Amino acid sequence: MQNHIAKFADNSKVKIGKCNRFHFRFQMGRKTINQGIDRRQILIGVAVLMGGSLLPGSVAALENSDAGARDASFSVLTKKQFRTLSVIADIILPETDTPGAVGVGVPSFIDWALDTWLLPEETSAFLAGLENFSQQNARFLTAKSAVQETVVRSLDQQLHDLPTGLEFYRQLKELVLIGYYTSEIGATLELAYDPIPGGYQPFTTENSVKAWAT
Amino acid sequence: MKTVQKPGNYDFDVIVVGSGMSGGWVAKEMCERGYKTAVLDRGEALEHGADYKTEGKGPWELPGRGNVSKQEALQDYEHVRLCYAFDEFTKRHFIKDRDHPFTVKDGKRFDWIRSSSVGGKSLLWHRHSYRLSEMDFMANKLDGHGCDWPIRYDDLKDWYSYVERFAGISGAAEGLPQLPDSDFQKPFEMNQVEKDAKASIETAFPGRKVIMGRCAHLTEPTEEQLDLGRGPCQARNECQRGCSWGGYFSSLSATLPAADRTGNMTLIPNAQVQEVVYDEATRRATGVRMVDMVSGDRVFISARVVFVCASTLGTAHILLNSRSTAFPNGIGNTGHALGHYLMDHVSGAGATAMIDGYEDHYYSGRRPTSLYIPRFRNVTEQTDKFIRGYGFQGEATRASWNSAIGAKGVGKEFKNKIQLQGPWRFWLTGFGEMLPRHENHVSLSATETDAWGMPLLEISCAYGDNENRIKDDMQQTAIELLQAAGFRDIQGFRRESYPGIAIHEMGTARMGHSPEDSYLNGKNQCHLVDNLFVTDGAAMTSTACQNPSLTFMALSARAAAYADEQLKSGVL
């Protein structure tokens, strides 16, 4: 576990900003922008990822232990809800050469959004939709990952075909995307991020280029 | 007969109410001419640089990733939440509407967007900077809407140059009569999609020009600007959080530091000025009454000259509340103009499109300005649908992750697709002129006051037929322009919007030839009170269709120079 954390933190340090270039070029130096990676947040993200590596296949072992319990670290979600959202989030944005949704803490972001960002009626509707989903897919958490993915892909297809009546999934997918690409890993490793571009420069390239996060 | 008192009898030579775009300029000009100047601002103190708490931060460094709680926005920021620049990063720089209420009447709505700090909206502005032209100063006289401007382009031309050289305006000379060139620093670049769109549109419509937006960003800072601690724009486009480098012009980055280094400025934040005090015997303003919004202390401050630059509606609010036996309805008020002829630009209509190709083109940096299409309606192309006209802002960008919201897909292929630069897209949105109309006005509530005892401002303002026809045309023409550019999936839009949200509010103390039609003369001096000046948006006799801040700056510098002459010659 320690090795994993160290490896991850090292990977996360790359390509952060151009502060030195800026200071070299302009010698202003009056303002130092804190571009340093927030190590604590990375460790949290990694810790979640460690849990996340159990998902989705091995989650069955945990399934019946505390279904209705509320984790002290969540504001709104129960442990079971958190796990369900974690599985769906990681199917929407899975681990590739960068962490997936769970690996960057998207479920915690969703918990924050339900508690603080969304209107109370939106949160109520979301939780009701989540409850409805769990009832319709009673064995979702214990199902094989291929089955879980089929369920989510079906939802995504339905949302595309008939955008009404799937508010829970629409909202969830939006929160997963926002939570992922505004995270430090999502913005700076998965996408390209430059806090101080130094100017606007159109260019041509024959290679695929990462999109700017901001 | 004027009775000139000795300067020693006053607390200050000059009082400037408001430290935004206009007040900052008056403060600089008067301090540099040696006048002891008090600058009073309703906002909290904000130290340039040190107090820009969210500057340079990534979204992950804020609890809401940039998002303001929707409940909080609805409860505390009823109007401000509608501003394009309002988010978790910039929230602190906007006023909390709930703590500073105003009312609307006659069933109309006004979205008044206000700042919370010293520097006012100069911290929050969109920085597009354009001169008005001779056509704009002649418009009221020629079509009879609104009173005639008492000045013409030639009166302001050199003052435009003066403020541009100090503020720093990037742009390109185009030689267009309806949009005179400024004294420019080099323009930002167009990307290839924009260059090709420009060529296609200008070929299809020879009377229309697509130019790079002119904006108050330093691209070639001068010694004077560097001496003030400013540096070149870094293309972060996070301006409203505050910019420590002073890459864009604000009072905090430019005019207030210039005023401060003279040693002549006393800056008083948290100062709600409630009235300008009038002395009937001398027929002069003697000073202002203010409330310290933190301590609640009420203070009278005297000065030889008073400039009210409290933002268009803030200025009208104070002047209407400056009641005396001689002026029971507000200092200098003849009943014809003060509080009336409120205007804003008409906005919220345009079009968007997607663009095939250009896969091998991208850009680095977040350009802090966009393209501009100067007014062509009733300039190079006449229409009988409406009088006056509008301009467009717009740009081509490549989609990024947020365009995946609402898109179909899950899994690795979905994620890998989002990772790469998305398709090109284009948007155009118009800003149109609003005619001055007497019925669009503000008044004081007879029954309600704010927490500091100031009567609430009541606003009654609505767009009229001419503005609505302009808005229709902005949508249709934007579609036509994007078609000419050869784009696909063109979608026009025409959002319901109310005055205020263009954040170009103007009028309510307009300039004119006589007290019978206006509040101010051609020097921004109150017709009936010689030592009272107004140089902010309230002074505007018409709106033109250009972003107006540059004109506020030029009027402010010009009026300050005039006040200086009058003070030196003993008239004031």
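**Reading a sheet and its cysteines**

Author: Let's start with the sheet: in chain B, six strands form an open sheet in the order β6-β13-β14-β15-β11-β18, with antiparallel pairing. Keep in mind that this is a predicted model.

Reader: Thanks! Which strands stand at the edges of the sheet?

Author: Look for strands with a single partner. Here those are β6 (211–212) and β18 (488–494) of chain B, so one side of each is left without a neighbour in the sheet.

Reader: And how many bridges join β14 and β15 of chain B?

Author: Nine bridges link β14 (residues 390–398) to β15 (residues 424–432) in chain B, in the antiparallel sense. To find your place along that pair, note that B:A396 stands opposite B:F426 in β15(B).

Reader: Which strands does helix α5 of chain B touch?

Author: Helix α5 (residues 192–204) of chain B packs on the sheet and touches β11 (349–355), β13 (371–373), β14 and β15 of chain B. The direction of α5 makes about 55° with that of β15(B). Helix α10 (residues 465–484) of chain B also packs on the sheet, touching β11, β13, β14, β15 and β18 of chain B. For α10, the angle with the direction of β11(B) is about 15°.

Reader: Now the cysteines: how many disulfides are there over all chains?

Author: A disulfide is a covalent bond between the sulfur atoms of two cysteines. A search of the whole structure finds zero. For B:C31, the nearest cysteine sulfur is that of B:C309, 13 Å away. For B:C526, the nearest is also that of B:C309, at 14 Å.

Reader: Is B:C31 buried or exposed?

Author: B:C31 is buried, with a relative accessible area of 1%. B:C526 is buried too, with a value of 1%.

Key: Residues are numbered from 1 along each chain as its sequence is written. Chains are lettered from A and ligands numbered from 1 in the order in which they are written. This is a predicted model: local features need pLDDT of at least 70, side-chain atom pairs count only at pLDDT 80 or more; totals for chains, interfaces and linings use all residues. Side-chain values use heavy atoms; hydrogens and water are left out. A disulfide is a pair of cysteine sulfur atoms within 2.5 Å. Buried means under 20% relative accessible area, exposed over 50%, partly exposed in between (1.4 Å probe, protein chains only). Two strands pair if DSSP finds at least two bridges between them. Helices (H or I, at least four residues) and strands (E, at least two) are DSSP runs, numbered from the N terminus. Contact means heavy atoms within 4.5 Å. Axes are lines fitted to C-alpha atoms, for helices over the stretch in contact, and angles run from 0 to 180 degrees between N-to-C directions.
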